[in-house]
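Q: I have this protein open on my screen and would like to talk through how it is put together. Can we go piece by piece?

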Amino acid sequence: TLCQEAWLEAARPAAVVWPWENHPWERALVHAAHKRNIATVGYQHTVVGRHIYNYSPAANPDGSDGMPRTILCNGPAFRSQLAALGVPRDRLVVAGSFRIAVPDASIHDRDGPVFVALSNDPEICRQMMAALGKVARPGRRFLVKGHPMYPYAISETGSIRATWVPLPEQPAVSAVLYSTGTVGLEALLSGLPTIRFLPEARIATDILPPGVVPVTVDAESLDAALDAMDPPPPVPRCSVISPVDLDVWRRYLPAA
């Protein structure tokens, strides 16, 4: 907080813009900026979902007073989720995002491997790998990718292989298995069969907006789900994530 205040005092910008998640340091930044008549623009960071309560004004001692005066959203689904959490609607503007890389639906191949996106939580990773070991069999292959920021040691077998190639760059997959993170959203928006793994004694944070629904399993029901991998109902990408609208950025940043 002291560093933020010192920087604002020295730099005196017209506005501050940052990836917004409504954490305590951000609320302090908002108050320090507004005390100096510096406008605040928060860029909604990645996703919202039904478990990420920190975005709500109810998480703030001062409600929406500790929030940026303008909040630029990734898309209409996340704007609606923020509004449902109580964020003032007149602050929410859809600006779009480059963040979600949706693979080409043509990579779907019923005979391809199952792409497995591990979590940032090591215990969830352990449970996912243990579940894969139980359902692995001849003819069923898994490509397992660790979280880019939280590597996990992957024990390879005849049917389980590690990969660092992200989902959009895979040549063919039969389905996507994930627990937390945005890979499930990428897969669902592409129309790929998508399975969400629920671990024991852990919360798999749900970042999906309403209407975007994977098949949900635990370790016991995973095998049956892999035998019935049907593509999900189509979801228009633009209903969730919008293309970047540079006119919005030009309109709000200079006038912020």
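Q: What do the buried residues of H3 pack against?
A: In this predicted model, the buried residues of H3 pack against strand E1 (15-20), strand E2 (39-44), strand E3 (70-73) and strand E4 (92-94), and also against helix H5 (183-189).

Q: And which residues of H3 are buried?
A: Helix H3 covers residues 76-84, and its buried residues are Ala-77, Phe-78, Gln-81, Leu-82 and Ala-83.

Q: OK, switching to the open sheet: what's the strand order, and is the pairing parallel or antiparallel?
A: The open sheet is formed by 6 strands in the order E7-E6-E5-E8-E9-E10, and their pairing is parallel. At the edges are strand E7 (160-162) and strand E10 (215-217), each of which pairs on one side only. Neighbouring strands of this sheet are turned against each other by 25 degrees on average, with direction ignored.

Q: Which helix packs on the sheet?
A: Helix H4 (residues 122-135) packs there, touching strand E5 (114-117), strand E6 (142-145), E7, E8 and E9, and the direction of H4 makes about 170 degrees with that of E6.

Q: How many bridges are there between E5 and E6?
A: E5 and E6 pair over 4 bridges in the parallel sense, and Val-114 has Phe-142 in E6 as its bridge partner.

Q: Which way do the side chains of E6 point?
A: Phe-142 and Val-144 point one way from E6, whereas Leu-143 and Lys-145 point the other way, and all of them are buried. In a regular strand the side chains alternate between the two faces of the sheet.

Q: Then how is E8 joined to E9?
A: Strand E8 (residues 175-178) and strand E9 (residues 194-197) run parallel and are joined by 3 bridges. Within that pairing, Val-176 stands opposite Thr-194 in E9, while Tyr-178 stands opposite Arg-196 in E9.

Q: Are the faces of E9 covered or open?
A: Both faces of E9 are covered, with Thr-194 and Arg-196 buried on one side and Ile-195 and Phe-197 buried on the other.

Q: Back to the other end of the sheet, where does Ser-159 lie?
A: Ser-159 lies in the loop between E6 and E7.

Q: Why does Ser-159 count as buried?
A: Ser-159 counts as buried because its relative accessible area is 15%, and the cut-off for buried is under 20%.

Q: What is Ser-159 in contact with?
A: Leaving aside its neighbours within four places in sequence, Ser-159 is in contact with Ala-136, Arg-140, Arg-141 and Phe-142. Phe-142 is also the E6 residue that is the bridge partner of Val-114.

Q: Zooming out, how many helices and strands are there, and how many residues?
A: The protein chain comes to 7 helices and 10 strands, and buried residues make up 49% of its 256 residues. Its C-alpha trace spans about 65 × 35 × 30 Å along the principal axes.

Q: Last one: how many charged side chains, positive and negative?
A: The protein chain has 23 positive and 24 negative side chains, and the centres of these two sets lie 4 Å apart. The accessible surface of the protein chain comes to about 12400 Å², and carbon and sulfur atoms account for 57% of that surface.

Definitions and conventions:
Residues are numbered from 1 along each chain as its sequence is written. This is a predicted model: local features need pLDDT of at least 70, side-chain atom pairs count only at pLDDT 80 or more; totals for chains, interfaces and linings use all residues. Side-chain values use heavy atoms; hydrogens and water are left out. Helices (H or I, at least four residues) and strands (E, at least two) are DSSP runs, numbered from the N terminus. Buried means under 20% relative accessible area, exposed over 50%, partly exposed in between (1.4 Å probe, protein chains only). Accessible areas come from the Shrake-Rupley method with a 1.4 Å probe; for residues, only the protein chains shown count as cover. Lys and Arg count as positive and Asp and Glu as negative; His and the chain ends are not counted. The place of a charge is taken as NZ of Lys, CZ of Arg, CG of Asp or CD of Glu. Two strands pair if DSSP finds at least two bridges between them. Axes are lines fitted to C-alpha atoms, for helices over the stretch in contact, and angles run from 0 to 180 degrees between N-to-C directions. Contact means heavy atoms within 4.5 Å.
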